[in-house]
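Subject: Structure for you to look at

Hi there,

Here is the structure I promised to pass on.

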Amino acid sequence: MDYSEAAERISRKFSKSGQAVDIQKIEGKLKRLVDEFGVQPQEAERSVTNELNKEFNIPTAGSGGGGKTGSGNEQKKIAEGVPGDWVTIEGKVVALSAPASPSIAQSGIIADESGAIRFVAWAKSNAPAMAEGSWYRIESAVVDEFKGIPNLKIHSGTTVKEITEDRSLIPNPVPIKDLHPGIAGVRAKVIQEWDASHERMLQSGLLGDETGTIKFVIWKEPGKEKLVVGAVYTIFYAPVDEFNGRLSLNLNTATVMQEEGDIAISGGEAEVRGSIVHVAPGSGIIKRCPVEGCNRALSRQNYCPIHEIQPKFVYDLRIKGWLDDGEKTHSILLQRDVVESLTGISLAQAQDIAENNPLGMDEVFLQMRDKVLGRYILCHGREIDGRLLVNKCDRVKFETGEHAALLNRAGGAS
Amino acid sequence: MSTNPKDMPRREGAFEREPARRVFASELRECRYQFKDGEDEKSPTFVLLPTGERSNRIFIVGTLTEKTRQGEQNMFYRGRVVDPTGTFFVMAGSYQPEAMQQLAKIEPPQFVAVIGKASIYQKDPASAPLVSIRIESINVVDKDTRDLWVLDAAKQTLDRVDAFNAGTTPDVIKAKEQYPNIDPAVFRKAAYEALAQIKM
């Protein structure tokens, strides 16, 4: 099918109001909506236009949506639901997931143009089974909160009716730094793939956009595919979970589309100059679990939290600590090669000390602490979850130019 | 649910370690006002620097010129650390066993870096208050590190004096109330003299 005509029409509309748009990009979007998602061509044209309107902050004429305005009594948009509310909503089931308990008949995500919410239909509610991709009117459901995330509960007093609607929903991606627990969409690049820490896990890693990074997880399920490292994806309706204060994106029920192009990740490239004000326990020489893909730090008794006693451990070096510039203190983690160059103690030397000195591994810690504590260093690295993972680190040198400039500054104004 | 990011902070209650301020001895010695931020038992205590910045933790590098062991049952170490502008009084007691052992090991004179918390003591109402630093960590360093610290402390002192003269932050206003007789220009002068002592 040919989309150039529709794309042309859209582009004319915007160039009239002085906005330059990329016709090929529009064509691509239309093509994806129609070919991949089975959206009607007219509808696709409308949603692409709306998306551009939003992008350029042009108010849409007649944004009444599906024309249901007459029948709404306490009908709400999904985004307006606040925990504790009884609501009536109309929305499209965009994802279904396996119920976590026999008392749950169905769970998933329902969306309208304002946003999306997780829902749970209790087995006792006798609600009709809902199908993914269909629209429903849900009357008298309750919004509450589960683990800090809003959740729509369908109980025995709730009426669920299928409605005929085929409005297309194009949610807007959210910048990663603005994500919070709930349901959200992002446009992001896969920047890291991590070793699976659980046998049920298909893939985990790090997604990044211009504003930050977030962890993602895909659990093993039939039909699930891994993301490609370095590729850019648009992801809709992904649950954002919080665990130990960290956010993570669960992609199992999400709509994931690979995109062309690239994103410049500003995700945390950082440079900090300061002094090391604390070297934390667990620094120095450590033992790691030898099991393929585990690599966890072992306890002194060679115990791995997953693989138990591992007498054939592998030695490694690291320094965990705080780097302070006088205004802010940064948590830092130095890996083996950085530790070696900063302390001048190689892994082999450290291992020799650990095995032959009466204090063992503690001696390595003490020697390394004495070499770095209180010293000025300049660290380059990536900031992830409030910790700077240092990949390059140098001692700060005394600069006579800096000295002279400060003398002028201190002497000049007095 | 709402998709507006402003409705919810991304992370709440994230722990922030108090930064270690760089202060010359001549300024720290003038501190007379300390306060607690918040009602909680664990709320940090600050001393207010005369240049108008609160300081919980400080970082100094200087020469440890003497140390003495004191007390029998509650043994602790006291020391004097000298910078180009004056003397810091440091101490480490049995509540900081690691710091105490580190200090016990060091034989003065040596360049040392000290990370610790300042507080104001008064033996009795008649005597002059004394600002002392409870050591968290202490370590022997080289002369380069000392020189770098003098630059660092001078720069941050000058920054504070400039902010004081701009006079807008709540802590600067509080400092003007608490230290009406101190002109921060003396700290600019002290910074100059400290810098001038570094030989090129």
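First, a term for what follows: a nonpolar core is a set of buried Ala, Val, Leu, Ile, Met, Phe, Trp, Tyr and Cys residues joined through C-beta atoms within 7 Å. A residue is buried if 20 or more other C-beta atoms lie within 10 Å of its own, exposed if 12 or fewer, and partly exposed in between, with C-beta atoms placed from the backbone.

Please keep in mind that this is a predicted model, where local features need pLDDT of at least 70 and side-chain atom pairs count only at pLDDT 80 or more, while totals for chains, interfaces and linings use all residues. Residues are numbered from 1 along each chain as its sequence is written, and chains are lettered from A in the order in which they are written.

**Cores**

The largest nonpolar core holds 81 residues, and B:V114, B:I135, B:A154 and B:A191 have the most contacts inside it. Helix 3 (residues 143–166) of chain B provides the largest share, nine residues. A second, separate core of 43 residues has A:V94, A:M130, A:W135 and A:V190 among its members. Two residues are in contact if their C-beta atoms, placed from the backbone, lie within 7 Å. Leaving aside neighbours within four places in sequence, B:V114 touches B:I60, B:V81, B:V90, B:I133, B:I135 and B:I138.

**Helix 2 of chain B**

Helices (H or I, at least four residues) and strands (E, at least two) are DSSP runs, numbered from the N terminus. In helix 2 (residues 97–105) of chain B, the buried residues are B:A99, B:M100, B:Q102 and B:L103. They sit on the same side of the helix because they cover an arc of only 160° around the axis, taken from the directions from the helix axis to the C-beta atoms. The face turned away from that buried side carries the exposed residues B:P97, B:Q101 and B:K105. Among the elements covering the buried residues are strand 5 (57–70) and strand 9 (130–140) of chain B.

**Chain A**

Chain A has seven helices and 20 strands, and 32% of its 414 residues are buried. A:I110 lies in strand 2 (residues 104–112) of chain A and counts as buried because it has 26 C-beta neighbours inside 10 Å. The C-alpha atoms of A:I110 and A:I78 are 8.5 Å apart, with the two residues 32 positions apart along the chain.

Two strands pair if DSSP finds at least two bridges between them. Strand 8 (residues 201–208) of chain A pairs antiparallel with strand 7 of chain A over five bridges, and a hairpin of six residues joins these two strands. Within that pairing, A:K189 has A:G208 as its bridge partner. Strand 8 of chain A also pairs antiparallel with strand 9 (residues 213–219) of chain A, over seven bridges; four residues lie between them in a hairpin, and A:Q203 stands opposite A:I218.

**Where the chains meet**

Here, 39 residues of chain A are in contact with 39 residues of chain B. Elements that each supply at least two residues of chain A's side include strand 7 (182–194) and helix 7 (400–412) of chain A. Helix 7 of chain A gives the most, with eight residues.
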